[in-house]
Every structure is written in structure tokens, then in C-alpha cells.
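User: Hello! I am new to this structure and would like to learn how to read its features one by one. Could you walk me through it?

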Amino acid sequence: MHTPAPAWAADGARHVWLPYAQMKTAAPPLPVVRTHGSRIELADGRSLVDGVASWWTACHGYNHPAIAQAVRGQLDAMPHVMFGGLTHEPAARLAQRLCALLGPGFERVFYTDSGSVAVEVAMKMAVQFWLNQGERQRSRFLAFRGGYHGDTFGTMAVCDPEDGMHSLFRGLLTQHVMAPLPRDEASQAELDALLRQHAHELAGILVEPLVQGAGGMLMHPPEVLARLRALADRHGLLLIYDEIFTGFGRTGTMFAFEQADARPDIVTLSKALTGGTLPLAATVASRRVFDGFWSDDPGHALMHGPTFMGNALACAAANASLDLFENEPRLEQVATLSRALEAGLAPCRELPWVRDVRVLGAIAAVELAAPFDRDALRARLVEAGVWVRPFGNIVYLTPAFTIGRDDLDFLIAAVAGVVRTMRPPAA
């Protein structure tokens, strides 16, 4: 028997609107009172191993002292100033570092507050890149089945329109060109033919490199990115990589696109950018794209500016997070984590109700062959001592890169054990 929820949770439940939840039937959220390492401490005294790093953000674990110290110091000096007409050292230094990390050709960083808005800005950049050249017909994008890019109206329109979570809005959103990823030469030829029909009206190609995250942890090889780069060049399109999920080590390299010889024109970053502490996102443009806005004409400026753009606290956290990537062996930890996930979840492949087990870097997905009661499954995982938030027919793990071996073994064993005791729903 667990203790009742604290009064603040019960009182708040009457007013808080939960994400991705039917409020009438959703299980109440678990009240959390503190975090540390890879642990979430609940108000009733239970301690859960976090298997998803708070939607993939807390790559260094919770409460890392280096990030906390940087944020405290910045809070004392200056928490925020408007970015319209003012600037500050944390944002300037972070922009320099991001461009250096992304490599040759990347020159300009546009800050926003969330991944969805970062993708919106990337789309806006791409469209206006062509508008500034007098090409007003290029207002659509090529996006891919299984993709997810955010929850705003602009980004919902480039998510999978059939199997994605926004199918309710079908017919109300801008209609973009959707296609399967070009996984082989035959599908590349089909996509080439599709682009011959639509390239004149397209501003660019938008893709999640190596892993389509919220679409089902769908993985594809680096060769797909090379095919997309070749097609973008052939048809004169901008290539946008949505690295909001995959960026900052999650796939085993600092950025997923490093695993392919196929550099993009625009990259979007968020989630792990601040180590899971504060909201911050970035849309990073190549020299080619920025040159399309460099003009004496005020009408060629990018007219966008979130109120908290370049927030000093968030930029300080992001700089501290990048310091940790430089000074601690994060990518080596990801490689070790990947091997453990593969070995620990491999037996699930033998279960008749498991369709597939996929692992790439610090991402693991157990795909079930049939839908399941997500609330019931989540409750069973909590009872097993872990926090994992399945979606669709996917039980996935994206733990902190710094998770201790004991917690990692406990997490994998708990997930494998719960999956092993599952049964398909009755016909």
C-alpha cells in the first residue's frame, strides 16, 4: 500500500492539463520530490531508476554539480536579457562552440526555447531562403513516413499524417510531400521520380537522421542520409536534419549525421543541449543558407524572435554540458551502454509477442507485435522499480549516459522481466 499523494499533487491535479493524455481516463502522474544521478525520488518514498532520462534530455544524469554550479553563477550575474539589440557572453560562446562542433560550413545559430520551434524556424529559414531569391512557389517540404518533428501547427504538418499522433488534424494542416525513406536503390529511384514532379514547389527535405524517435524508434543506416544528400543536390533543395533527439551523443557520435558523409544545410538541436536542466533549442544554418538573408533589404531579414531567445541561464547550462562532453568520457560511456542494452534485451527477441529489438547507441526499443494497455504496462514497470514511458507498441530505453552499472542492470532486468511476463491481448 502506497501513501496518499501529497496535498499539492491532489490540488494541482484539478488544474493541470497533462501532455499526451486523455484527462478523463489517464492515470494520475507520480509526484516527484527530488532527483539524483539516474534516480527519481517519489513523494511516497519510492525510488525509481529513470530509463528515459526525462524524454532523452538528462544525458549527464540529474543534478550534475558542474551544470548546477554554472546555472547558480549565471543566476547571480544575469538570469536573462532580451536578445533583441542585446547580447551576452554565454550565448556568444555557445554559438561559437556549436558551430565548431558541427564542423565546416556552419556559421549561424538561431536560439529558441523548444525543439518544435527550432524546427519551425528551420522550415521558415528554408522557405524564406527561396523567397529572398524571388522563388515564391517553394513553400512545401519533403518529409518521411514514421517521422515526428513537433506539436506546433507547422511541425505537425511534417509528421507522419497516417500513423503519427496528429492524424486528427489531417486536412487542416499544410499538405507536404510524404514518402518512405530511401533505404535501397529501388526506393531511391522512386523518390527521385517523386522529386522530379515536386522539386519546383519544395523548399527542402526534412529528416531525423538515423532514428525516427517518437515515430517508433525506427532506425535506418547512414546510407539513407547519403542518398538524401545526393537527391537534395540533384534537385536543388535544402537538406534539414532534425537532431533534436539524436544530437549530443545519443546515437554513439556527437551528432548522428557524423556517421554519414552527408552534411546538411540546416540542423536543429534541443533536448540534451542543456543536459536536461533548462529549455533551449538552436537552429544552426550553413553559410549558404545565411548568405540568402545577407542583404541591404530589410525585407530579407528573418522575422522571428522568441521572448526568451538566448536565455542566459539556459546558455550557461548548455556551455557546462558541452564542457562535460569535452572533459568526461561520454561517447565511451554510450558505447558501453549500447553493448549492455543489446546483451540484456536480446532474449526478448525469442518471445512470440515481440516483433523486434533494436539498439543504436544509447537507444533501445522493444517493439511488441500487438497494441497493449500503456497505463497498465507503465504501472507494472513502476512496481518493478523503473520509470519507463512506453508509447504505441514500443517499450524504449534512453537512459542517462552516466547511469551506474548497478542501476543499468536493474533497469534492463526490470524491463526484460516485465516484457517476458506479458501476453498478447485476447482476440
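User: At what angle do the axes of helix α4 and helix α10 cross, and within what distance do they come?

Analyst: A quick word on the basis before we start. This is a predicted model, in which local features need pLDDT of at least 70 and side-chain atom pairs count only at pLDDT 80 or more, while totals for chains, interfaces and linings use all residues. Residues are numbered from 1 along each chain as its sequence is written, and side-chain values use heavy atoms, with hydrogens and water left out.

Now the general idea: two packed helices are described by the angle between their axes and the distance between the axes. Axes are lines fitted to C-alpha atoms, for helices over the stretch in contact, and angles run from 0 to 180 degrees between N-to-C directions. Helices (H or I, at least four residues) and strands (E, at least two) are DSSP runs, numbered from the N terminus. Here, the axes of α4 (residues 89–102) and α10 (residues 312–327) cross at roughly 40° and come within 9 Å. That makes α4 oblique to α10; angles under 35 degrees count as roughly parallel, over 145 as roughly antiparallel, 65 to 115 as roughly perpendicular and the rest as oblique.

User: Which hand does the crossing of α4 and α10 have, and which residues meet there?

Analyst: A crossing is left-handed if the near helix is turned anticlockwise from the far one by less than a right angle, and right-handed if clockwise. α4 passes α10 in a left-handed crossing. Contact means heavy atoms within 4.5 Å. On the α4 side the residues include Arg93, Leu94 and Leu98, and on the α10 side they include Ala316, Asn319 and Leu322.

User: How far apart are the axes of α11 and α13, and what is their angle?

Analyst: Helix α11 (residues 330–345) and helix α13 (residues 405–420) have axes 10 Å apart and pack at an angle of about 30°. That makes α11 roughly parallel to α13. Their crossing is right-handed. Among the residues that meet are Leu337 and Leu341 from α11, with Leu408 and Ile412 from α13.

User: Let us turn to strands. What is the strand order in the open sheet of seven strands?

Analyst: Two strands pair if DSSP finds at least two bridges between them. The order is β4-β12-β11-β10-β7-β5-β6, with mixed pairing. β4 and β6 (177–179) stand at the edges with a single partner strand each, so one side of each has no neighbour in the sheet. On average, neighbouring strands of this sheet are turned by 20° against each other, direction ignored. β4 and β12 run antiparallel and are joined by six bridges. Two places to look are threonine 112, which stands opposite alanine 281 in β12, and phenylalanine 110, whose bridge partner in β12 is threonine 283.

User: How many residues of β14 are buried?

Analyst: Buried means under 20% relative accessible area, exposed over 50%, and partly exposed in between (1.4 Å probe, protein chains only). In β14 (residues 363–368), six of its six residues are buried. In a regular strand the side chains alternate between the two faces of the sheet. Ile363, Ala365 and Glu367 point one way from β14, while Ala364, Val366 and Leu368 point the other way. β14 pairs in the antiparallel sense with β13 (residues 354–360) over six bridges, and also with β16 (residues 394–397) over four bridges. β13 and β14 form a hairpin with two residues between them, where glycine 361 in the turn has a positive phi of about 55°.

User: Which residues have a positive phi without being glycine?

Analyst: Most residues other than glycine have a negative phi, and most peptide bonds are trans. Tryptophan 56 has a positive phi of about 75°. Tryptophan 56 lies in helix α2 (residues 53–56) and is buried, at 8% relative accessible area. Phenylalanine 248 is another case, with a positive phi of about 65°. Phenylalanine 248 sits in the loop between β10 (238–242) and β11, and its relative accessible area of 1% makes it buried.

User: What does the UniProt record say about Lys271, and where does lysine 271 lie?

Analyst: The unreviewed UniProt entry annotates Lys271 as "modified residue: N6-(pyridoxal phosphate)lysine". UniProt positions are given in the numbering used here, feature names are shortened, and annotations may be inferred rather than shown by experiment. Lysine 271 lies in the loop between β11 (266–269) and β12 (281–286). Lysine 271 counts as partly exposed, at 26% relative accessibility. Its contacts, leaving out residues up to four places away in sequence, include Trp56, Thr57 and Ile244.
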